[in-house]
Amino acid sequence: MNPKKIFAACALSLAIAPASAMAERGSDGQVNIIYWQAPSIMNPYLSGGTKELEAASLVIEPLARYDQDGNLTPWLAESVPTVANGGVSEDLMSITWKLKSGLLWSDGSPVTSTDVKFSWEYCTAEGGGCSQAEKYLDITDVETPDETTVVVRFAIPKPFPYNPFVGAQAPIIQKAQFENCMGAKAPECTDQNFYPIGTGPFAVTEFRPNDVITLEANDNYRDPSKPAFAKVLFKGGGDANAAARSVLETGEFDYAWNLQLAPDVLASMEAAGKGKVISAFGTSVERIMINFTDIDPALGDERGTIAHPHPFLTDINVRKALSMAIDRVLLTEIGYGPAGIPTCNVLPAPAIYASTANDACLTQDIAGANEILENAGWVKGADGVRAKDGVRLSILYQTSTNAVRQDYQALIKQWWSEIGVETELRNINASVFFGSDPGSPDTFQKFFADVEMYTNNFDGTDPESYMANWQCDQRPRPETQWQGNNMPRYCNDEYDKLSMSMASVGGLEERAAIARQLNDMLMQDYAMLPLTHRGRVAAHSNRLGGVVMNTWDSELWNVADWTRIE
Amino acid sequence: MNETRAPQASSPSRSQWAEIWHQFKMHRGALLGAIIFVLIIGTVFIGPLLWTIDATYIDIRARNQSPGWTHPFGTDQLGRDTLARMMVGGQTSIAVGLTAMLLALSLGSVIGVLAGFFRRLDGPLMRLTDLFLSLPLLPLLLVMVLLFRESLSSIFGPESGIFILIVVAIGITSWMPTARIVRGDVLALKEREFVLAARSIGTTNLGLISRHILPNVLSPIMVSATLGIANAIITESALSFLGLGFPPDFPTWGRLLIDATVYLQDYPERVFWPGLAISLTVLSVNYLGDGLRDALDPRIRGR
């Protein structure tokens, strides 16, 4: 570092230091946030949508959060309980949380352990239909020995006991406010659901569903110098393009969320100099799922069930060739730019779980793919399409309607045609495709196509339940109303056993080894073809400081630390 | 019997068509519209024989190019040639427009004539027309695509299957205005002396309709035909714009337009070409219809 730079750095730190020391609550005016999908409720227990989770995270908070690196950070709790510090029992059957002392709700009343217990009761009440119920699985009881201590008891040993009361999905709500909103009455409590009393840095002053939320600083927030902003304007609606423009080009808004736009579009907007595009990588992977079952409409009710194996995708050589023909590096560069990393793993993060055994797929090898098919007896016909015993390699390739996905489809179709595979493309409206309606033939669960492409991820940092998605039992089928996450209908006893063994293994290293092994099994069986490890993309104005992008929790997790920079 | 009627209809025929042409020529907008429409059809259907780049071929090194010698209209974000895509897309859009128009026109004329000519059918047919008028097009199309896409594409292949579906969908949801106009005209014509005279000498209903009614309602039919083409092209574009209809790699003008909207700021020419093509076609066809109406209407002709 040359002296000039050091001097500049010193000057900069001097300039910043007094500002942060003098920061006081509400001194920075209003911050404008735009979410192009508008929140309809402020209660995450009644909505599975990310937009609602994130809006609510301004107001209500959990005991602990994940930070930007995926580490657990105590939030309302004093510390994160572990076996080492005695917070988690040796038999992994209970966890003891200790609340910070002196916590107040925004109405001035104290936060106690009964509120924590109530949050569990609220979500698990009969007839409630809580969206976050899986966070509270296997809990037998929540005990409150004193005002600030909460003991959660599980029915089975939990190597990962950090589901209840952790993360944006499972925040603490006030008992006094929600007492009369249990079970079936939950959705009727409009006032409570729109104006929850919370511990967060802000409190709702006006909530207009699917439109605008205005919030003001919480007078009883635990850090007297925060938040720096007195007001939040949380605007919902529009589209990703307009949201990005309003931050990067016109500067009307300070923060925009989830900007799924082509990299050159974002780059040209960023060039206007009003804001910055930020991204961070969680666990989202854009992947192609391979269908192991026959989807011939003539099969009627048994269509797409494992009773009828797929005519050619059950041949591993075909699946391998399909994977080898794809240039993941080029796809990612065109579709996501810096917001994507080409990947060969369906479990790419956190780092400890990422396998390196499959990286060979990053290089496209059309000649190799052709050779594999040739050796496996698939011979090119007069129309350039390979066939064997009268079965032609003709694939129906479906995905949701989205400009980037259609570009992916077009490119992959061309590569597959070079190895003698014919592809028919289909795109389906996203709300239908991801709609889970058992009556529609076009959902990604029914998967009435040979291959389909979409992105999936998992919440938090523990992959156990995510990897359990591909147990045979998880396959969508008529008996389950076509619900389930094993889209390829992948059935492998060895995989099932290994995946189930994860529930009883405690050590992080051993768990990671199993997760990597599971990932490698899926990859080397070519049950799915991962393409791009996607980052979350957001944009913030150059006049907004303190933003730390977080993909493991709400993006607004540290909104209390946001400040105005002039 | 036909012989005795023939002189009346065909004696001025040589000069009648000439006169129509003469009248049509006088309408400068119509003439220009006709020329442009023929030009567009010619370019779109003959052009690909001369400009032989494959519309779906991806040349990734040549992506995002501005108009130049190798790619006169530039290339898109995957390096596909925009000119080739415009021509192939136009074939689909215009084919959909023309076929859907023919379907709507025949349906509309038949129902209009029947309703106007046979009093007993008038009530039911016109209520049917009202019923169809009240059907919202897009939700109906969504349902149709959902129900019939798979069976049709397994019979006719993915592209022809969806072509038939879209044409039928547009056809059966846009015949109503034609039916109403035709019915009105038929009602008035039916009471005219020459129809009464024909009926009095024993002309059958079929003969009356084909020899006396239809030629006289040709002018409104022609006008709704031209408007119908425009309408069908726009509906197809709207469908592609919504991501329904044809497979995503199958270019149509509407699809090109939706694909280009994201790049509106960086590459405005990409929205410009399909937008211009759709507007020009619709406009020229409308002028064409306007001129044809003037030319075909014996009361206006010669003035």
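Modeller: A:Ser394 stands opposite A:Glu422, a residue of strand 17 of chain A. The model in which this pair is seen is a predicted one. The two strands concerned are strand 16 (residues 394-400) and strand 17 of chain A, which pair in the parallel sense over seven bridges. Strand 17 of chain A, formed by residues 422-428, is mostly covered, since five of its seven residues are buried.

Some loops of chain A also deserve attention for their backbone. Most residues other than glycine have a negative phi, and most peptide bonds are trans. A:Arg489 is not a glycine, yet its phi is positive, at about 55 degrees. This residue lies in the loop between helix 13 (464-467) and helix 14 (493-501) of chain A. A:Arg489 counts as buried because 24 other C-beta atoms lie within 10 Å, and 20 or more are required for that class. A:Leu92, likewise not a glycine, has a positive phi of about 60 degrees. Its place is the loop between strand 3 (72-74) and strand 4 (94-98) of chain A. A:Leu92 has 17 C-beta neighbours inside 10 Å and is therefore partly exposed.

The bond from A:Lys226 to A:Pro227 is cis, with omega near -5 degrees, and A:Pro227 belongs to the loop between strand 8 (212-217) and strand 9 (231-236) of chain A. A:Ala349 and A:Pro350 are also joined by a cis peptide bond, with omega about -5 degrees. A:Pro350 is found in the loop between strand 12 (340-342) and helix 10 (366-375) of chain A.

Chain A also meets chain B: 22 residues of chain A are in contact with 16 residues of chain B. On the chain B side, the residues touching chain A comprise eight nonpolar, four polar and four charged.

Within chain B, helix 3 (residues 28-50) has 23 residues, which at 1.5 Å a residue should span 33 Å; its end C-alpha atoms are 31 Å apart, in agreement with that expectation.

Notes:
Residues numbered from 1 in each chain as written. Chains lettered and ligands numbered in written order. Predicted model: local features only at pLDDT ≥ 70, side-chain atom pairs only at ≥ 80, totals over all residues. Helix = DSSP H or I, 4+ residues; strand = E, 2+ residues; numbered from the N terminus. Expected span 1.5 Å × (residues − 1). Buried ≥ 20, exposed ≤ 12 C-beta atoms within 10 Å, placed from the backbone. Contact = placed C-beta atoms within 7 Å. Nonpolar A, V, L, I, M, F, W, Y, C, P; charged D, E, K, R; others polar. Pairing = 2+ DSSP bridges.
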